[in-house]
Amino acid sequence: FFFFKQKTAYEIPKRDWSSDVCSSDLPDRRRAARVSGTSARRVALAVIRRVTEDDAYSNLALRAALDRSGLDGRDRALATELTYGTLRRLVALDEELATYLSRPVASTPRAALAVLRLGLQQLRSTRIPAHAAVSESVAISEPRYRGLVNAVLRRASSSPAPSLAGDDDASVARRSGLAPWAVAELRRLRPDDVAAAAMGFAEPAALTLRVDRCRADIDEVADAIGGTGARVERGALHAGSLVVRDLDGSPATLPGYAEGWFATQDQASSLVAEALEVHPGDRVADVCAAPGGKAVLLACGAGPDGLVVAGDVSPQRARLVAAAAERLGHVVRTIVADARRPALRETSFDRVLVDAPCSGIGSARRRPELLWRADADAPTRMADLQLEIARHAAALLAPGGRLVYSVCTFPTAETDAVCDVLLETAPFLEPAAVAGPDGAAERIRLWPHLHGCDAMFLAAFRRRADG
C-alpha cells in the first residue's frame, strides 16, 4: 500500500539577503551568519536526498532534520524554503541541468546531482546572490564532485534563465513542477484552465485546522488562536475549519491542542468525512483510516451510541489512528487489517468510508515531491488496488447503507473509472448525491485553484434496500 495523506503545511517567510556574505575576512558576527546559512543548506541537502533517493516524505524528513539541527528560526526558514522550493521545481531544474551536463541527468552521481539541484534553485528562484549560491554549493559538496558543481553552477549563473512561457504540456510542467504526463491528464479534465489548475498544485498550503464540534465552539477556538498573533480565517469550503496563517510554532503550541479542540486537517478531507452523512448511533467502518483525522470526525458524528471501526494495513499507521482518537477524546475501534481481505465480515455497517491509497498528487501543496513522484503508469496500477478495496468495503454495507469513495488525486483511472467499474461489479450499489461547493452531485472534484484545498475526488453510493 502507498499512503499520501499528510495534513500539515508550512508557510515560508521571505529572507532578506541584502547582508549575505561569503568572504572569510569579515567580522566574526557576519562570519557566524555565513556558517549558519551553510548549515541550513546542509539540512536542505540531506532532506532532498532522502526524498529523491529513498522515497521519503518531505514533510516528515524535514521535520526530523530540523529537530536535530539546532538551527534558529531564520535558518530553519531558509532550510524549509530551499527544501520545498527545490523539490517543487525538480522538473524544471533537471531540464535545465541537462543543458549543462555532459552526461544524462539520470546518470549523474546522486550526491552531485542533489547539490546541483539545490544550487540551481538558489540561482533561479531566490534573492541569494549568485556568488553565494555557487560558493556555498561547492562548500557542501563531496570533495570529489566540487569541480563538477563549481563548473556547472558557474555556467548556469552566467546564462539566462530558460523561458517558462508557453501553454503546451512541457511548458506548464516547467512552471508548475507537475510531471508532463500529469499535465496532459489534467488538460483532458480542465482544458480551459489547465495552467491555472497545475499552478494550484504548486502553491504552498496554509495550515488548516478542523475544530471538533463535539468538544469546542469554533468561534471560541478562533478567538483563542487569534490571541497568539496568528491570522485566523473561517474555512470557505468546510464550515468547521479554520485557516491559520503567520503561526509562530507548530499547531501543538496553540491553545486548545492539549484539550483536543481541533485536529490538523485539510478542508477537502473534512468534506469527505462529512459526505458520509453519519448520524448518532450509526455503525461506521473506515477501511483505510490512517492517520485518523476522518475516523475521529466520524466518531464525533456517531456519538457514544454509535460504533466506528478504523482499519489500516500497517500496525504503525494504525497506532496513529488510535493516538488521534485518544487526543481528541473519541472512541474509535482500531484494527490492523488489509482492506482487500476484510477482518470485518458482517454486512451491518450503516456507513463505510474508502479513502483509498492513490497516486496522491492532490496533496502536493503539502508534499511537493508528489508533483513528480508518480510515473505515468501509477494511476492504472493504483486503480486495481482501489477497486479491490472498494468492492470488499461495499460488501460490509447494510441495506440502505451509504459508501463514500475518495482519493486525493485526479487521473481518470483512479477516479471515474474506478467508480464505473464498481457499479458494474457490485450491482447492489446505486449512485447517491454528495453536497459540494457547486451543488449536489454524485461525483465531486475539488481543486486547489478553485476551492483553496487539496485536490480531491469523492463519490457516494447507496446499497439498494433489496441488495
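In helix 13, the residues Lys 294, Ala 295, Val 296, Leu 297, Leu 298, Ala 299, Cys 300, Gly 301 and Ala 302 are buried, where buried stands for under 20% relative accessible area, exposed for over 50% and partly exposed for what lies in between (1.4 Å probe, protein chains only). The model is a predicted one, in which local features need pLDDT of at least 70 and side-chain atom pairs count only at pLDDT 80 or more, while totals for chains, interfaces and linings use all residues. Residues are numbered from 1 along each chain as its sequence is written, and side-chain values use heavy atoms, with hydrogens and water left out.

Just after the helix, Gly 303 adopts a positive phi of about 75 degrees.

With a disulfide defined as a pair of cysteine sulfur atoms within 2.5 Å, the count comes to one. The partners are Cys 214 and Cys 300, whose sulfur atoms are 1.9 Å apart. The torsion about their S-S bond is about 95 degrees, so the disulfide is right-handed. This bond links distant parts of the chain, 86 residues apart: Cys 214 sits in the loop between strand 1 and helix 11 (218–226), and Cys 300 in helix 13. Cys 214 counts as partly exposed at 42% relative accessibility, whereas Cys 300, at 8%, counts as buried. Cys 358 is in no disulfide, and the nearest cysteine sulfur, which belongs to Cys 408, is 3.6 Å away. Cys 358 is buried at 2% relative accessibility, and Cys 408 is buried too, with a relative accessible area of 8%.

Aromatic rings come next. Rings of Phe, Tyr and Trp (its six-membered ring) pair if their centres lie within 6.5 Å, and planes under 30 degrees apart count as stacked, over 60 as edge-to-face and the rest as tilted. A search of the whole structure finds five such pairs. In one of them, Phe 201 and Trp 447 have ring centres 6.4 Å apart and planes at 85 degrees, so the pair is edge-to-face. Phe 201 belongs to helix 10 (residues 194–202) and Trp 447 to the loop between strand 13 (443–446) and helix 17 (448–451), so the pair ties together parts that are 246 residues apart in sequence. Both of these residues, Phe 201 and Trp 447, are buried. Tyr 405 and Phe 457 form an edge-to-face pair as well, at 6.5 Å centre to centre with 70 degrees between the planes. Here strand 9 (residues 397–407) provides Tyr 405 and strand 14 (residues 456–463) provides Phe 457, so the pair ties together parts that are 52 residues apart in sequence. Tyr 405 and Phe 457 are both buried. Ring pairs also link Phe 201, Phe 410 and Trp 447 into a cluster.

Charges sit over rings as well, the criterion being NZ of Lys or CZ of Arg within 6 Å of the ring centre and within 35 degrees of the ring normal. Arg 283 lies over the face of Phe 349, at 5.5 Å from the ring centre, and Arg 367 lies over the face of Tyr 57, at 4.3 Å from the ring centre.

Two aspartates have a backbone feature worth a look. Asp 55 has a positive phi near 60 degrees, in a residue other than glycine. Asp 55 is placed in the loop between helix 1 (28–54) and helix 2 (58–69) and counts as exposed at 53% relative accessibility. Phi of Asp 246 is likewise positive and near 60 degrees. The loop between strand 3 (241–245) and strand 4 (262–264) holds Asp 246, which counts as partly exposed at 47% relative accessibility.

Terms used
Helix = DSSP H or I, 4+ residues; strand = E, 2+ residues; numbered from the N terminus.
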